[in-house]
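Reader: I have a model open and want to read it feature by feature. Where do we begin?

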Amino acid sequence: MPTVSNRVLAWRGGGFVSLLLKGGSLVGLIALSTVFAVLSPYFFTLSNWLNIFRQVAVVLIAASAQTMVIITAGIDLSVGSILALGGCLAAVAMSYWGWPFASGALLGLFFATLAGLANGVIVAKGRIPDFIATLGMLGAVRGIALLITGGLPVPSHFTATKLAGYLPESIVWLGSGHIGGVPVPMVFALLVVAITWFILNRTTFGRSLYAVGGNREAARASGINVDRVKILVYGVSGLYCGFAGLVLVGRMNSANALMAEGLELQTIAAVVIGGTNLFGGKGSVFGTLVGAILMGVLSNGLNLLNVEPFWQRVVNGLLIVAVVVFDQWRRRIMRD
């Protein structure tokens with residue numbers, strides 16, 4: 001008797017459906033790009049695609065971290081707040097305290113990593129659900145960023161000429177520079193994707209992430225220190241977010257404690273659209289790369305078509321729901 005999977009694949013010859021089942025997000029990206037290319041002659045220009053990559057770079061760096069966390073069956077709701085903390089600390093050190101770029105950047109990365117490790121300790125040692133622990137960290141870290149900056153941009157355009165210096169050129173280059181005509185944020189975002197791929201596929205730590213996400217008790221029985229893996233993956237997430245904060249500060253030439261609000265939802269959407277299992281154990285960073293670009297293409301295409309921002313939010317929300325429904329359907333079909 002034919003299975004449900006075979007019946008679906010047999011539908012309309014099976015070729016298109018099989019392609020859709022195996023490469024859903026990539027097929028969606030190609031289809032969406034084709035539609036916008038037909039509707040807007042500017043869409044398929046080199047400058048527009050470079051602009052898309054520049055826009056998604058920060059989301060992609062944070063989403064790479066989110067991918068590793070979700071593979072362990074966890075979730076990190078504090079990525080946007082940790083990004084803001086790292087970026088604001090670095091900007092305050094460079095602008096107000098006169099620290100050089102390297103020292104200020106290290107300060108931001110250090111405290112962002114520390115916040116990530118705190119997430120891991122609360123989850124692993126405190127036995128607090130990931131959702132609750134990172135939700136609490138979301139509010140706490142954002143509050144610290146507000147305390148550090150006094151709720152003002154760093155450097156503010158008013159005080160920059162009287163009480164403080166400007167941000168150094170190095171951090172501005174990190175967010176707005178070019179290497180051979182290619183935006184620097186895009187170069188570093190792709191480098192982060194490559195590093196994440198290496199960690200997931202070529203290291204013991206990466207294999208441990210899949211094992212913990214697939215079956216925590218089985219991973220523990222096979223000798224994996226589950227608590228240490230959870231603490232480390234949140235630490236790496238904090239480090240990635242700190243770096244994303246430096247890139248965002250460079251792009252805006254300013255830091256703000258309220259920047260990157262809602263980033264957690266964007267990263268989760270990119271990960272889910274990319275095919276990573278929200279319940280852990282399966283996923284890839286290249287899928288997340290496709291998911292982040294798909295979201296960037298959607299936003300860019302709607303802007304080119306002059307769609308109102310409010311409707312863009314509606315479309316983005318519906319897209320996420322549609323992708324999750326499709327992913328559940330695809331997994332059920334593939335399992336059968």
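Author: We take cysteines, then a helix pair, then one asparagine. Keep in mind that this is a predicted model.

Reader: How many disulfides does a search of the whole structure find?

Author: A disulfide is a covalent bond between the sulfur atoms of two cysteines. Here the search of the whole structure gives 0 disulfides.

Reader: Is Cys88 buried or exposed? And Cys241, buried or exposed?

Author: Buried means under 20% relative accessible area. Cys88 has 0% relative accessibility, so Cys88 counts as buried. Cys241 is buried too, with a relative accessible area of 0%.

Reader: Now the helices. At what angle do the axes of α5 and α7 cross?

Author: Two packed helices are described by the angle between their axes and the distance between the axes. Helix α5 covers residues 79–95 and helix α7 covers residues 130–149; their axes cross at roughly 20° and come within 8 Å. That angle makes α5 roughly parallel to α7. The crossing is left-handed.

Reader: Which residues make the contact?

Author: From α5, they include Ile82, Leu85, Cys88 and Val92. From α7, they include Leu138, Val141, Arg142 and Ile148. By class, the contact has 11 nonpolar, 3 polar and 1 charged residues.

Reader: Last, Asn300. Which helix holds Asn300, and is Asn300 buried or exposed?

Author: Asn300 lies in helix α14, residues 285–304. Its relative accessibility is 10%, so Asn300 counts as buried.

Reader: What is Asn300 in contact with, leaving aside neighbours within four places in sequence?

Author: Asn300 is in contact with Phe43, Asn48, Asn51 and Ile52, once those neighbours are left aside.

Notes: Residues numbered from 1 in each chain as written. Predicted model: local features only at pLDDT ≥ 70, side-chain atom pairs only at ≥ 80, totals over all residues. Heavy atoms only, no water. Disulfide = S-S within 2.5 Å. Buried < 20%, exposed > 50% of the residue type's maximum accessible area, 1.4 Å probe, protein only. Axes fitted to C-alpha atoms, helices over the stretch in contact; angles between N-to-C directions. Helix = DSSP H or I, 4+ residues; strand = E, 2+ residues; numbered from the N terminus. Parallel < 35°, antiparallel > 145°, perpendicular 65-115°, else oblique. Left-handed = near helix turned anticlockwise from the far one by under 90°. Contact = heavy atoms within 4.5 Å. Nonpolar A, V, L, I, M, F, W, Y, C, P; charged D, E, K, R; others polar.
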